[in-house]
Amino acid sequence: EQAENHPESITRYQPGRDESHLRELQLIADLHNAIHNHDLSMNYQPKLDIRTGQVTQVEALVRWIHPELGFISPEEFIFLAEQSGQIHGLTAHILQRVAADARQWTEAGLDAGVAINLSAMDLTWPDLIDHIETNFDDWHHDRLRITLEVTESALMQDPEEALATLRKLRELGVTLSVDDFGTGYSSLSQMRKLPVQELKIDKSFVLRLDAEPQDQLIVKSTIDMAHGLGLKVVAEGIENLEAWRLLQAWGCDLGQGFHLSRPVAPADLADTLRALDARRPELTRPTMEYH
Ligand code: C2E
Ligand code: MG
Ligand code: MG
Ligand code: MG
């Protein structure tokens with residue numbers, strides 16, 4: 001076959017393309033070592049009850065500081081793990097780390113459930129249930145306080161298969177959350193057919209909530225409709241007090257974002273939760289300004 005008949009073979013030689021391809025190859029190779037040498041760590045970001053200002057849960061977010069390339073965004077390396085057949089190994093490692101961290105903070109007297117992100121490909125992984133059961137069985141926390149976050153687009157890739165997995169996960173007693181809601185093409189009526197309990201409004205709708213009337217409209221009506229369907233609503237990406245107060249006035253259930261806390265290392269979790277507790281008067285002060 002002649003190369004010039006294939007448009008892909010032309011784009012392959014565009015400047016910059018080889019460099020990014022090399023970076024990908026390096027990251028794919030190094031990810032394998034990172035998983036096995038334990039170069040990955042987890043950060044935890046508090047999810048707060050918006051009404052009471054109390055932390056109910058922390059979301060586990062994986063971190064990779066590459067020895068030469070520095071911070072690698074999870075969005076970049078999770079994608080590469082999926083492409084290179086390493087995602088299940090990575091998820092298994094993450095589940096193990098989170099269980100160990102959670103056991104430690106529980107023993108240290110902290111009372112926080114945990115939310116774990118799953119990749120779309122994990123929903124078709126036959127060993128997923130097993131890994132969750134073995135890692136979390138000895139954690140003396142109520143299983144109801146483990147939440148699994150699955151993106152809206154992951155659920156829509158293969159709704160039948162996703163449904164089967166979600167049902168099995170529900171039998172374990174974990175809470176199921178739809179992450180990044182609003183960025184895909186699904187509707188709330190499709191969510192209603194899934195055994196999920198929580199909906200996370202994507203941060204793109206929340207980041208400028210204080211200044212964008214259209215985002216306000218979208219978020220407020222999503223909260224109302226989700227509540228009508230019996231779902232709890234989480235807002236991520238809360239970066240200022242105004243957004244927090246709007247969400248509070250609209251009855252949003254849980255909130256997380258840099259205004260409350262950035263994701264932190266497990267060693268800093270106790271201090272972070274203490275500092276947030278001290279801010280409860282500010283976070284729960286009643287307001288009349290918003291409707
Ligand atoms: P996500 O699950 O939707 O996580 C929320 C992302 O928003 C996190 O980015 C978090 O640090 C960031 N964020 C939280 N509050 C704010 C805020 O107020 N402002 C802004 N600008 N950003 C905020 P991060 O940690 O870079 O993770 C990005 C995505 O990578 C996650 O999106 C998730 O899809 C994926 N990811 C992260 N950790 C894991 C993991 O352990 N497993 C899997 N499968 N995916 C993960
Ligand atoms: Mg998430
Ligand atoms: Mg999200
Ligand atoms: Mg996201």
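The shell around ligand 1 is made up of 11 nonpolar, eight charged and five polar residues, where Ala, Val, Leu, Ile, Met, Phe, Trp, Tyr, Cys and Pro count as nonpolar, Asp, Glu, Lys and Arg as charged, and the others, Gly among them, as polar. The model is predicted, so that local features need pLDDT of at least 70 and side-chain atom pairs count only at pLDDT 80 or more, while totals for chains, interfaces and linings use all residues. Residues are numbered from 1 along each chain as its sequence is written, chains are lettered from A and ligands numbered from 1 in the order in which they are written, and side-chain values use heavy atoms, with hydrogens and water left out.

Of the 24 residues around ligand 1, those that come nearest are R63, N117, D179, E239 and F258; a residue is near a molecule if one of its heavy atoms lies within 4 Å of it. At least two shell residues are supplied by each of β1 (40-49), β2 (55-66), α3 (74-83), β4 (113-118) and β6 (175-181), and β2 gives the most, with four residues. These elements are DSSP runs numbered from the N terminus, with helices (H or I) of at least four residues and strands (E) of at least two.

| Protein atom | Ligand 1 atom | Distance |
|---|---|---|
| F258, polar backbone atom | oxygen | 2.7 Å |
| D180, polar side-chain atom | oxygen | 3.0 Å |
| S119, polar backbone atom | nitrogen | 3.5 Å |

On its own, ligand 1 has 800 Å² of accessible area, of which the protein covers 88%, as computed by the Shrake-Rupley method with a 1.4 Å probe.

Turning to the metals, the magnesium ion (ligand 2) is coordinated by E59 (OE), N117 (OD1), E149 (OE) and D179 (OD), at 2.0 to 2.2 Å, and the sequence spacing of these donor residues is E-x57-N-x31-E-x29-D. Because N117 lies in strand β4 and E149 in strand β5 (residues 146-151), the pair ties together parts that are 32 residues apart in sequence. Donors here are N, O and S atoms within 2.8 Å of the metal (3.2 Å for Na, K and Ca), and sites may look incomplete because water is not among the atoms.

Notes: Polar contact = N/O pair within 3.5 Å; in protein donor to acceptor, adjacent residues only side chain to side chain.
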